Amino acid sequence: MALSSRLFSKSKLIYGSQILLQKEHAIPVRHFAKESAPPALKGDEMLKNIFVEVKNKFETAIGILKKEKITIDPEDPAAVSHYAKVMKTIREKASLLSESQDILSTIEIETQDIPDARTYLLTLKEIRVKRGLTDDLGAEALMIDALDKVEKDLKKPLLRNDKKGMDLFLAEFDKINKKLGIRKEDLPKYEEELELKVAKAQLEELKKDALEAMETQKKREEFKDEPESVDVKTLDIRNFL
């Protein structure tokens, strides 16, 4: 997970600095509660809608997978790249989130009501830990140091709606980005690298599952005359859908 951890740290610094500002401009949902709230759905109707949505996404994914030849070879860059492209197509057609989009969505949801910068940064750390990632770049320590510096100058805790304080803090973020060699314009590259890392991990899991299934099958009497081993790279998962 080392590479994905580094990519998460890079994305987190960029995404985090953007979301950090959103508290100031956020409009509470309760302001629209009476005028814009959709009509309440009964429990069975809500469950039906959820089921239909999940069913449609599942059928979309299966439809795409049935058309694509997936080579289960996590060590082959071409196979990993193709698998990543197929997964991207599925996400786009089924309206699913990518890994980086999921991280961004999680950060937005879990930090939207946080008023101060320190709790915000601690929440970012909690999100990272829950995902099993490590902070290989040391970004968290650098961000806390930057916050300590700003709060020392302000002589008070930094709130996210404090424009002057946030300007100072984001200026420190820019220094951290520069120190770590992180550029906002490189974010698409970081996202692509992360998706390739995820694709390889998923292919490794598919390979592991296939090998375990074949090992179990060999132990069954009806398959005793089958070849001793099959190269998983020759398997076509379309035959099992």
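Select K155 to begin: it sits in the loop between helix 8 (139-154) and helix 9. Helices here are DSSP runs of H or I with at least four residues, numbered from the N terminus. This is a predicted model, in which local features need pLDDT of at least 70 and side-chain atom pairs count only at pLDDT 80 or more, while totals for chains, interfaces and linings use all residues. Residues are numbered from 1 along each chain as its sequence is written, and side-chain values use heavy atoms, with hydrogens and water left out.

The phi of K155 is near 65°, a positive value in a residue other than glycine. K155 is exposed, at 73% relative accessible area; exposed means over 50%, buried under 20%, and partly exposed in between, with a 1.4 Å probe and protein chains only.

Next, select S95, in the loop between helix 5 (77-94) and helix 6 (99-111). S95 is another residue other than glycine with a positive phi, here near 55°. S95 counts as exposed, with a relative accessibility of 58%.

Move on to helix 9 (residues 163-180) and select F169 and F173, which are four residues apart and so separated by about one helical turn. An α-helix has 3.6 residues a turn, so residues three or four places apart point the same way. Rings of Phe, Tyr and Trp (its six-membered ring) pair if their centres lie within 6.5 Å; planes under 30 degrees apart count as stacked, over 60 as edge-to-face and the rest as tilted. By this rule there is one aromatic pair. The ring centres of F169 and F173 are 4.8 Å apart and the planes stand at 75°, so the pair is edge-to-face. F169 is buried at 0% relative accessibility, and F173 is buried at 1%.

Then select helix 10 (residues 187-218). Its 32 residues reach 47 Å from first C-alpha to last, close to the 46 Å expected at 1.5 Å a residue; the expected span is 1.5 Å times one less than the number of residues. Colour the buried residues of helix 10: L187, Y190, L194, E195, A199, L203, A210 and M214.

Finish with M46, L47, I50 and V54, which make a nonpolar surface patch of about 390 Å². Nonpolar side chains (Val, Leu, Ile, Met, Phe, Trp, Tyr) are joined within 5 Å, from residues with over 30% relative accessible area and no salt bridge. A salt bridge is a side-chain nitrogen of Lys or Arg within 4 Å of a carboxyl oxygen of Asp or Glu. Areas come from the Shrake-Rupley method with a 1.4 Å probe. V54 belongs to helix 4 (residues 43-65) and is exposed, at 51% relative accessible area.

Notes. Patches are made of residues with over 30% relative accessible area and no salt bridge: like charges are joined within 9 Å, nonpolar side chains (Val, Leu, Ile, Met, Phe, Trp, Tyr) within 5 Å. Helices (H or I, at least four residues) and strands (E, at least two) are DSSP runs, numbered from the N terminus.
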